[in-house]
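I open my notebook on a new structure. I want to look up the strands first, then the cores.

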Amino acid sequence: MAKKPRSVHTCSECGYSTPKWLGRCPDCGGWGTLTEYRAPSGGGAGAAGAAVGGKLPVGLTPTSPAVPISRIDPATATTVSTGIGELDRVLGDGIVPGSVVLLAGEPGVGKSTLLLEVAARWAAQPAPAAGTEDRPAGTRTALYITAEESAGQVRMRAQRTGGLQPTLYLAAESDLDVVFGHVEQLKPSLLIVDSVQTMHISGVEGVAGGVAQSRATTAALTTLAKTSGIPVLLVGHVTKEGSVAGPRVLEHLVDVVLTFEGDRHSSLRMLRGIKNRFGATDEVGCFEQTGDGIREVADPSGLFLSHRDSTPDGTAVTVAMDGVRPILAEVQSLLVPTQSKNPRRAVTGLDATRVPMVLAVLSARAGRPSFDREVYIATVGGMKVGEPAADLAVALATVSAMDGRPIAPKTVVLGEVGLAGEIRRVPDLRRRLQEAARLGYVSAIVPAGDELRVPGMRITRVATIGEAIAAVG
């Protein structure tokens with residue numbers, strides 16, 4: 001008589017397995033994360049675990065034989081351009097056939113708009129394929145699955161953004177089995193699912209968006225991508241903490257995890273890589289949300305500094321590194337006299353713990369106290385700078401506001417300020433200065449100790465906060 005399948009309870013967060021159900025996972029401490037699975041009986045995964053009676057277990061016949069690694073076609077891992085340069089930069093020169101990309105972001109940040117633009121650009125690019133009666137020769141096809149909006153809503157957005165293409169197909173479906181039917185019928189070269197938390201698959205318990213359904217849906221789409229070679233782009237929601245919603249196994253199943261970030265009060269959007277099996281995760285893509293859709297910004301420094309027709313007092317320009325990308329940022333400082341014993345310190349776009357420290361160093365090491373004034377310090381354009389390299393820009397912008405004297409135009413300021421008043425070196429100084437020189441800046445104030453030279457730029461090296469103040473005076 002055949003044995004009953006053995007029950008295994010597996011944690012959806014860390015993968016811990018136990019034969020008994022537990023309310024709390026002993027490994028990661030998560031509550032209600034253990035889900036029951038039935039292990040198959042007979043010679044499969046259960047028989048492969050150990051030999052029985054000294055004999056090798058009976059395995060399943062593979063669908064395709066193993067081949068030498070030298071005979072694997074390298075074209076299967078060649079990247080293909082999506083038509084959007086900033087997205088290709090983050091992915092690593094394009095998308096790999098058969099890969100699965102998960103794009104996560106807060107509601108309303110523009111994930112669906114971005115992927116609809118990707119689908120339209122993809123469908124507009126030529127491809128070496130034979131034409132059919134309803135499909136022009138040499139064009140690529142994209143299938144956009146929407147489970148959160150109606151087909152009419154997506155069509156209106158595509159019309160507004162100029163994304164109507166004859167080889168861009170749209171289907172409003174939430175049943176994954178029906179989606180597979182569309183894929184088999186159309187045979188697209190790109191599949192976009194918006195979103196993975198709203199899809200459900202038959203035969204799996206739980207509601208759409210739950211742990212079991214999200215995991216099964218992602219696993220099925222991953223299998224589809226690997227077996228067919230169709231790249232799949234998935235939209236994912238995020239939690240209040242900013243992490244990808246659903247079980248952590250989703251991030252392990254996919255090949256690439258991207259986050260789309262942006263402030264509701266700013267049009268700037270940043271695309272960052274969290275996980276990438278085909279490239280680096282330190283690249284950053286810049287986009288701008290406009291009334292006509294998402295527009296890629298190849299030169300974000302120009303976006304932040306486009307308003308600088310003159311150089312007022314209380315401002316300084318620095319170069320921040322976002323991943324491996326240098327971006328020029330403007331720091332502004334405003335001082336207002338006050339009678340309060342606890343003057344206000346308001347910081348926007350900068351590290352709120354470092355700005356008061358810089359103000360204290362100005363008071364103790366440079367004789368520039370601000371205890372009788374309210375201090376407001378912010379970046380321009382909604383940019384966020386959290387690295388210590390912006391310390392010297394904060395200090396010199398504040399001194400410029402105190403004296404009512406602007407810093408010389410076309411000057412960038414770089415350096416970390418120490419508690420002793422010393423100016424410390426910052427990483428990637430050459431790359432920062434080269435970016436500033438490319439945008440027309442001719443002068444730089446940097447930490448002492450590095451003898452690098454940048455053509456067309458006059459570099460002033462300072463060792464203390466006093467020397468930096470004297471250099472701009």
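I count two strands as paired if DSSP finds at least two bridges between them. Helices (H or I, at least four residues) and strands (E, at least two) are DSSP runs, numbered from the N terminus. The model is predicted, so I note that local features need pLDDT of at least 70 and side-chain atom pairs pLDDT 80 or more, while totals for chains, interfaces and linings use all residues. Residues are numbered from 1 along each chain, and side-chain values use heavy atoms, without hydrogens and water.

Entry one, the sheet. I looked up β4 (residues 100–105) and β8 (residues 232–236): they pair in the parallel sense over five bridges. Ala-104 has Gly-236 in β8 as its bridge partner. Both strands belong to an open sheet of nine strands with mixed pairing, in the order β6-β5-β7-β8-β4-β9-β10-β11-β12. Which strands stand at the edges? They are β6 (168–172) and β12 (293–296); each has a single partner strand, so one side of each lacks a neighbour in the sheet.

Entry two, the cores. I take a nonpolar core as a set of buried Ala, Val, Leu, Ile, Met, Phe, Trp, Tyr and Cys residues joined through side-chain atoms within 4.5 Å. Buried means under 20% relative accessible area, with a 1.4 Å probe and protein chains only. The largest core has 41 residues, and Leu-350, Ile-377, Leu-392 and Leu-396 have the most contacts inside it. Helix α9 gives the largest share of this core, eight residues. Apart from it I found another core, of 31 residues, including Val-90 and Phe-287.

Notes:
Buried means under 20% relative accessible area, exposed over 50%, partly exposed in between (1.4 Å probe, protein chains only).
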